[in-house]
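I opened this structure to look up a few things and write them down in order.

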Amino acid sequence: MSAARRLHVDLAVVGGGSGGLAAAFRAASHGARVALLEPGELGGTCVNVGCVPKKAMWLAADLGARLGHAKALGFPVEPACPDWAQLVASRQGYIANIHASYRRRIDEAGIVLLPARGRLAGNGRVDCDDGTQVEAEHILLATGGRPVRPDIPGAELGIDSDGFFALSAAPARVAIIGGGYIGVELAGVLQALGSQVELFVRGDDLLKGFDPDVVERLRGNMHQAGIALHFGYSLAALEPGEGGGVRLRERGGDAGNPFDAVIFATGRRPNTDGLGLEAAGVRTADDGHIEVDAYQATSAERIHAVGDVTGRLALTPVAIAEGRRLMDRLFGGDTDACVDHAQVPTVVFSHPPLGKVGLTEAEARERFGGDAVSCHRTTFRPMLHALADVQQHSMFKAVCVGEEQRVVGLHLVGEAADEILQGFAVAVKMGATLADFHATVAIHPTSAEEIVLLR
Ligand SMILES: Cc1cc2nc3c(=O)[nH]c(=O)nc-3n(C[C@H](O)[C@H](O)[C@H](O)COP(=O)(O)OP(=O)(O)OC[C@H]3O[C@@H](n4cnc5c(N)ncnc54)[C@H](O)[C@@H]3O)c2cc1C
Ligand SMILES: NC(=O)c1ccc[n+]([C@@H]2O[C@H](COP(=O)([O-])OP(=O)(O)OC[C@H]3O[C@@H](n4cnc5c(N)ncnc54)[C@H](O)[C@@H]3O)[C@@H](O)[C@H]2O)c1
C-alpha cells in the first residue's frame with residue numbers, strides 16, 4: 001500500500017468490532033461509500049476474545065455437567081473433562097469461519113478495508129498508521145475497550161480474559177478476581193471443565209445491578225458446584241509461589257496457597273488512547289468514555305460513536321443496534337432512528353445462566369413507590385436435575401407495578417434461562433401484565449411454563 005494513499009468516502013468507521021462492522025454494512029446497504037479501519041482481527045472483542053469463544057467454552061462446560069447427569073438416566077458414561085486442545089481447536093475453527101464470512105461480506109458490499117489503526121486528524125480526516133489518509137463526510141468511532149488490572153505489585157503475574165482465551169491447558173487451581181459478568185462466567189466454565197476455582201470479590205455480593213434474589217440463588221448453585229466464594233476481599237499483591245504458581249496477598253493479611261492461574265476480571269477501559277479526540281473536539285467523560293447523545297453524536301460535528309467506547313451498556317447487540325440505527329439516520333433517511341436503552345435484556349452465562357430484563361425490585365420501588373410494587377417468585381428443581389438428583393435449583397421472579405400488575409422486571413436464574421428470556425423480553429417491552437402471562441397457556445413440561453404460572 002502506498003504511503004501517500006488518500007481516500008474520499010462518505011463514512012470512515014474506526015474499529016471493526018460488533019458496532020463498527022454492523023454500521024459499515026448498514027451504511028453500504030444504503031449506498032454510502034465506506035472505509036473500515038481495523039488493525040486486528042475482524043469482529044473485535046465479541047468474536048475474538050468475548051461472547052463467541054466464551055460461549056464455546058460455556059457450551060463445553062454445560063455438556064460436561066450433563067455428562068455428569070447421564071449415568072443417573074441409564075447412560076453407561078462417566079463424567080469426563082474435555083481435551084482442552086481439541087476444544088480450543090474447534091472454537092478457533094468456528095471463529096475462523098466468522099472471519100471468512102466477514103471478509104466475504106465486506107468485499108460484496110464494496111467496503112474498503114484498511115488493516116490499520118486510525119487517528120482523528122481534524123476537518124473530517126482520519127490518519128491511518130500505515131500512512132493512508134481518509135477524508136470522510138462522517139466518522140464513526142467504534143474502538144471498544146480492553147481489560148484493566150488493579151494497580152498492585154505483581155499484577156503482571158496474573159492474566160485477564162484475553163489471557164484466558166490464550167490458555168493452552170486447563171489450570172488445576174484458579175483464582176479469579178472480580179464478581180462481575182466475566183468473573184462469574186469464567187468461574188463457572190473453569191470449574192465445570194475440571195479446575196478448582198476460587199472467586200475473590202471486593203464487595204459483599206456478585207453481579208451488581210442484578211436482582212439480589214436471583215443472585216443469591218446463583219451463589220447457592222455455584223457453591224453446590226464446588227466454587228469457593230470469598231467476599232469483602234481486598235487484594236494487595238500477587239507474588240510468585242516458592243515452588244511455582246502465584247499467591248494472592250490480602251491487604252493486612254498473609255499470602256495464601258499458590259494458584260496455577262490468577263485471572264483478573266476487574267472491568268474494562270475504553271480504547272481512546274492515541275485517537276486524537278482532544279484535538280478533534282470529541283469530549284470524554286471523567287471515566288474516559290466518549291460522551292454521546294441519544295443519537296450517538298459526540299461533541300464534534302459529524303463524528304459519532306457507538307458501542308463499548310461510549311460506556312453505556314457494554315453488550316454486543318447494543319453496539320450493533322446503535323450502529324445500524326445511526327446509519328439508518330445518516331444514510332437511510334430515517335431521521336429519528338435511535339436505540340431505546342431501556343429494557344435491554346441481558347444474560348450472564350453462569351452455571352446455570354442468569355438473566356434480567358427491566359427493573360430490579362429495588363429500582364421499581366424507587367421509581368414507582370414501595371406500595372405500587374408487587375413481586376412474584378418461584379423456586380423449583382428442573383426435571384433433569386430432579387431425575388439425576390442434582391441439587392441445582394432455578395428461581396424466576398417477576399416485578400410488577402400498579403393494580404394492573406404491569407411486569408416491569410423479569411429475573412431468571414436456572415437451566416435454559418438464557419434461551420427463555422428473549423421471548424419474555426418482547427412481552428415486557430410491550431407492557432404485558434401478569435394477567436397477560438396467566439392468559440397464555442403453558443408449554444408443559446418446561447421450565448419456561450413457570451413464568452406464565454407465576455402467582
Ligand atoms: C470475556 C467477554 C465476554 C463477553 N460476553 C458477552 C456476551 O455473552 N454477550 C454480549 O452481548 N456481550 C458480551 N461481551 C461484551 C461485548 O464483547 C462487547 O460489548 C462488544 O464487543 C462491543 O463491541 P464494540 O464494537 O463496541 O467494540 P469491540 O468489539 O471491542 O471492537 C472494537 C474494535 O476497534 C478496534 N480498534 C481499537 N482502536 C482502534 C483504532 N485506533 N483504529 C482502528 N481500530 C481500532 C479494535 O481492534 C477492535 O477490533 C463480552 C465481553 C468480554 C470481554
Ligand atoms: N454475558 C454478557 O453479556 C457479558 C459477558 C461478559 C462481559 N460483558 C460486558 O463486559 C463488561 C465488562 O465485564 P467485567 O466483568 O470485566 O466488568 P464488570 O464491571 O461486570 O465487573 C467488574 C468486577 O470487578 C470488580 N473490581 C473492579 N476493580 C477491582 C479491584 N481493584 N479489585 C477487585 N475487584 C475489582 C468490580 O467490583 C466488579 O465486581 C460487563 O459490564 C458487560 O457489559 C457481558
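The entries below follow that order, and the model I am reading is a predicted one.

**Entry 1: the record.** I looked up the domains first. UniProt, in an unreviewed entry, places the feature "domain: FAD/NAD(P)-binding" at residues 10-323. Over residues 10-323 I read 34% helix and 21% strand, with the end C-alpha atoms 15 Å apart. The unreviewed UniProt entry also places "domain: Pyridine nucleotide-disulphide oxidoreductase dimerisation" at residues 344-452. For residues 344-452 the figures are 32% helix and 29% strand, and the end C-alpha atoms lie 21 Å apart.

**Entry 2: ligand 1.** Which residues are closest to ligand 1? I found Gly15, Gly17, Gly44, Gly144 and Gly307, out of 36 residues that surround ligand 1. The elements giving two or more residues to this shell are α1 (18-29), α2 (44-49), α3 (51-70) and α9 (316-331). I sorted the shell around ligand 1 by class and got 14 nonpolar, 18 polar and four charged residues.

**Entry 3: ligand 2.** I repeated the search for ligand 2 and found 22 residues around it, with Pro150, Gly178, Gly180, Ile182 and Ala314 coming nearest. Two or more residues of this shell come from each of α6 (181-192) and β16 (346-348). Which element gives the largest share of the shell around ligand 2? That is α6, with four residues. By class, the shell around ligand 2 holds 11 nonpolar, eight polar and three charged residues.

**Entry 4: α1 and α9.** I then turned to helix pairs. Two packed helices are described by the angle between their axes and the distance between the axes. The axes of α1 and α9 come within 8 Å and cross at roughly 30 degrees. Angles under 35 degrees count as roughly parallel, so α1 and α9 are roughly parallel to each other. Their crossing is right-handed. On the α1 side of the contact I noted Ser18, Gly19, Gly20, Ala22, Ala23, Arg26 and Ala27. The residues they meet in α9 include Thr316, Ala319, Ile320, Glu322, Gly323 and Arg324. The contact of α1 with α9 has eight nonpolar, five polar and four charged residues.

**Entry 5: α3 and α4.** Helix α4 covers residues 84-109, and α3 packs with α4 at an angle of about 145 degrees, the axes being 10 Å apart. This crossing is right-handed. I listed Val52, Pro53, Ala56 and Ala60 in α3, which meet Leu87, Arg91, Tyr94, Ile95 and Ile98 in α4. How many residues of each class does the contact of α3 with α4 have? I counted eight nonpolar, no polar and one charged.

**Entry 6: the backbone.** Most residues other than glycine have a negative phi, and most peptide bonds are trans. The bond joining His351 and Pro352 is cis, with omega about 5 degrees. I located Pro352 in the loop between β16 and β17 (354-358). A cis peptide bond also runs from His444 to Pro445, with omega near -10 degrees. Pro445 sits in the loop between α13 (434-438) and α14 (449-452). Gln405 has a positive phi, near 55 degrees. I found Gln405 in the loop between β19 (394-401) and β20 (406-413).

How values were computed. Residues numbered from 1 in each chain as written. Chains lettered and ligands numbered in written order. Predicted model: local features only at pLDDT ≥ 70, side-chain atom pairs only at ≥ 80, totals over all residues. Near = placed C-beta within 6 Å. Nonpolar A, V, L, I, M, F, W, Y, C, P; charged D, E, K, R; others polar. UniProt positions renumbered as here; feature names shortened; annotations may be inferred. Axes fitted to C-alpha atoms, helices over the stretch in contact; angles between N-to-C directions. Parallel < 35°, antiparallel > 145°, perpendicular 65-115°, else oblique. Left-handed = near helix turned anticlockwise from the far one by under 90°. Contact = placed C-beta atoms within 7 Å.
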